[in-house]
Amino acid sequence: MKLHNYFRSSASYRVRIAMQAKGLAYDYLPVHLVKAEHREPAFASHVGDALVPALETDDGLWLNQSLAVIEWLDEAYPQTPSMLPGNALARARIRALALQVACEIHPINNLRVLAYLTGELGHSDAEKTQWYQHWCRTGLEAFERQLVLLAAERQAQGLSPSRFCWGDSLTLADCALVPQIFNAQRFKVNLDGLPLTMAAYEAAFATDAVQKAQPAACPDAQP
């Protein structure tokens, strides 16, 4: 398989974590977003949204959208550790946490939105940073509230407290959370007062899968 991605892309990072966790080999093909390589026909002609990541399967098919790619990996390689383990309720909880990041936090803080703020709309870098910090912090506070509710639910069901976002192993939710915290740290977002969120992040970050997938470990990594 071939993974077209950018080392700082949150969505790309999600897929790298899942592929490392599942022990799946792939060729790393960098697509430099700042240099607009994602808009070049060699890439964009295969992916309607011209966004990373994109996964080329062994059959030469192109898959896009990180969460869909990870779910496809789970279905195509069911013999490896699942990113959506458990029963139907557990999988719904995991998906909801992942979507809180991927749909509520990330879209208004990604590179093209920030570039539009400072480009077409003429905002300063300081205003861009303030925008990022506000919306990221607001989203993570909501994520924390959800983890509190889920912790109470697990306790009521007689389940052990979660080490990760849900349960005792990396899931789709952790694949989404880790890159978001990475970017939050880059933009110096206040991460105080988020004990369950940061505990899940730290547990995930300590795994071999995340260590091997992190941006600093990518061949196209830059300072």
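Helix H6 (residues 125-156) packs against helix H7 (residues 172-186) at an angle of about 145°, and their axes lie 11 Å apart. Helices here are DSSP runs of H or I with at least four residues, strands are E runs of at least two, and both are numbered from the N terminus. The axes are lines fitted to C-alpha atoms over the stretch in contact, with angles running from 0 to 180 degrees between N-to-C directions. This is a predicted model, in which local features need pLDDT of at least 70 and side-chain atom pairs count only at pLDDT 80 or more, while totals for chains, interfaces and linings use all residues. Residues are numbered from 1 along each chain as its sequence is written, and side-chain values use heavy atoms, with hydrogens and water left out.

The residues that meet (contact means heavy atoms within 4.5 Å) are Tyr132, Cys136, Leu140 and Phe143 from H6, together with Leu177, Gln180, Ile181, Asn183 and Ala184 from H7.

Leaving aside residues up to four places away in sequence, Leu177 touches Val101, Leu140, Phe143, Cys165, Thr197, Ala200 and Tyr201.

A contrasting setting is found at Asp59, in the loop between strand E3 (54-56) and strand E4 (62-64). Asp59 is exposed, with a relative accessible area of 69%; buried means under 20%, exposed over 50%, and partly exposed in between (1.4 Å probe, protein chains only).
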